[in-house]
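These are my notebook entries on a single chain. I set down what I looked up, entry by entry.

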Amino acid sequence: MEYSPGFLLPATLYLLIDVLFPDFSRRHKIQSSERQPTWIEIRHCMFLTLFNHIWPLVIYLLFAYWTEFQQATFIMDSKLPSLKTIVFDFVFGLLACEVSFYYVHRALHHPSIYAYIHKKHHKYTTPFSFAAEYAHPFEHLVANVLPIMLPLALKGTHFLSFFIFSVFELWEAAADHSGYDFLKLPPAELHDLHHAKFRVNYSPLGLMDWIHGTDVVGWDRPRYRRKRVSLWQMGSRRRSCDRR
Ligand SMILES: [Zn+2]
Ligand SMILES: [Zn+2]
């Protein structure tokens, strides 16, 4: 239930910076003023984003009504979890989201799927906060909702742990797309570059990109791959020479 205010509040605050402090905004935008979206584009984006907040809520309420609120996804006990448990759940959620979002996002970039689903999210090559949830409804479910919700739901965490984690993740999504270069770790530049160049920086934290080598623009170009292979071969040749 906190999903909508958890995202809409920070997204609105980032947008208000554009309106109330235009000079500050210009100084801190990652991409140039010429590349920023128009207000017509922003308004268009906000309509789909709001729609993506309404339909999951309707499904959730119908499900809850149908099961008479017996099939609660999270523990709603009045006994609150300890700080240690909350921190553990938070780290678990971060890592599970990093792994699941990375593979879902990579799959959405597959040439046979991209044009039908993920291309919509990439409409804005210069992102702004509301663009975080400008997505095809299927993508919204598998990339935005499930990686945040499912791991902690399967683990059976207390609702308080999930609340703290999801509020953080939703702020992170708005910050990642805000187009601003401040108050973000890892920096928003990572996902901004994904919107500008498409096939780079797929994961939220950058850990999975580092593991798979997808954190460099051009990783998928044959020349770059050849370069990587030859460097690896040079290393293995050097190792075999050392053994002799
Ligand atoms: Zn994005
Ligand atoms: Zn993408």
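In which loop does I75 lie? I located I75 in the loop between α3 and α4. I used helices and strands as DSSP runs, numbered from the N terminus (helices: H or I, at least four residues; strands: E, at least two).

**Entry: conventions.** I note that this is a predicted model, in which local features need pLDDT of at least 70, side-chain atom pairs count only at pLDDT 80 or more, and totals for chains, interfaces and linings use all residues. Residues are numbered from 1 along each chain as its sequence is written, and chains are lettered from A and ligands numbered from 1 in the order in which they are written.

**Entry: I75, continued.** I took contact to mean that the C-beta atoms of two residues, placed from the backbone, lie within 7 Å. Not counting residues up to four places away in sequence, I75 touches G156, T157, H158 and F159. I75 and G156 are 81 residues apart along the chain, and their C-alpha atoms are separated by 6.7 Å. For burial I counted the other C-beta atoms within 10 Å of a residue's own, with C-beta atoms placed from the backbone: 20 or more is buried, 12 or fewer is exposed, and anything in between is partly exposed.

**Entry: the whole chain.** I found 10 helices and zero strands. Of the 244 residues, 30% count as buried. Among contacts with a separation of 6 or more, 68% join residues 24 or more positions apart.

**Entry: annotation from a record.** I consulted the unreviewed UniProt entry, whose "transmembrane region" annotation covers residues 6–24, 45–66 and 86–104. UniProt positions are given in the numbering used here, feature names are shortened, and annotations may be inferred rather than shown by experiment. In the model, residues 6–24 are 95% helix and 0% strand, with end C-alpha atoms 25 Å apart. Residues 45–66 are 100% helix and 0% strand, and their end C-alpha atoms are 32 Å apart.

**Entry: helix lengths.** I compared helices with their expected span, which is 1.5 Å times one less than the number of residues. Helix α3 (residues 39–66) has 28 residues and reaches 41 Å from first C-alpha to last, close to the expected 40 Å. Helix α4 (residues 83–108) has 26 residues and should span 38 Å; its end C-alpha atoms are 36 Å apart, which agrees.

**Entry: what the helices pack against.** In α3 the buried residues are C45, T49 and N52, and they pack against α6. In α4 I listed D89, G93, C97, F101, Y102, H105 and L108 as buried. Their cover includes α5 (111–114), α6 (137–155), α7 (159–177) and α9 (207–212).

**Entry: nonpolar cores.** I defined a nonpolar core as a set of buried Ala, Val, Leu, Ile, Met, Phe, Trp, Tyr and Cys residues joined through C-beta atoms within 7 Å. The largest has 18 residues, of which A11, F130, A131, A132, Y134 and A174 touch the most other members. Two or more residues each come from α1 (3–20) and α7, and α7 gives the largest share, five residues. Apart from this core lies another, of 14 residues, among them F101, L108, I148 and F162. Leaving aside neighbours within four places in sequence, F130 is in contact with A11, L15, I42, C45, M46 and T49.

**Entry: Y124.** Is Y124 buried or exposed? I counted 20 other C-beta atoms within 10 Å, so Y124 is buried. Y124 lies in the loop between α5 and α6. Beyond four places in sequence, the contacts of Y124 are P37, C45, A131, Y134 and H195. Y124 and H177 are 53 residues apart in sequence and 9.9 Å apart in space, C-alpha to C-alpha.

**Entry: positive phi.** Most residues other than glycine have a negative phi. I recorded a positive phi of about 70° for F198, which is not a glycine, and a positive value near 50° for N201, also a residue other than glycine. F198 is found in the loop between α8 (189–197) and α9, and N201 is found in the loop between α8 and α9. F198 is partly exposed, with 15 other C-beta atoms within 10 Å, whereas N201 has 25 and is buried. Just after α7, G179 takes a positive phi of about 85°.
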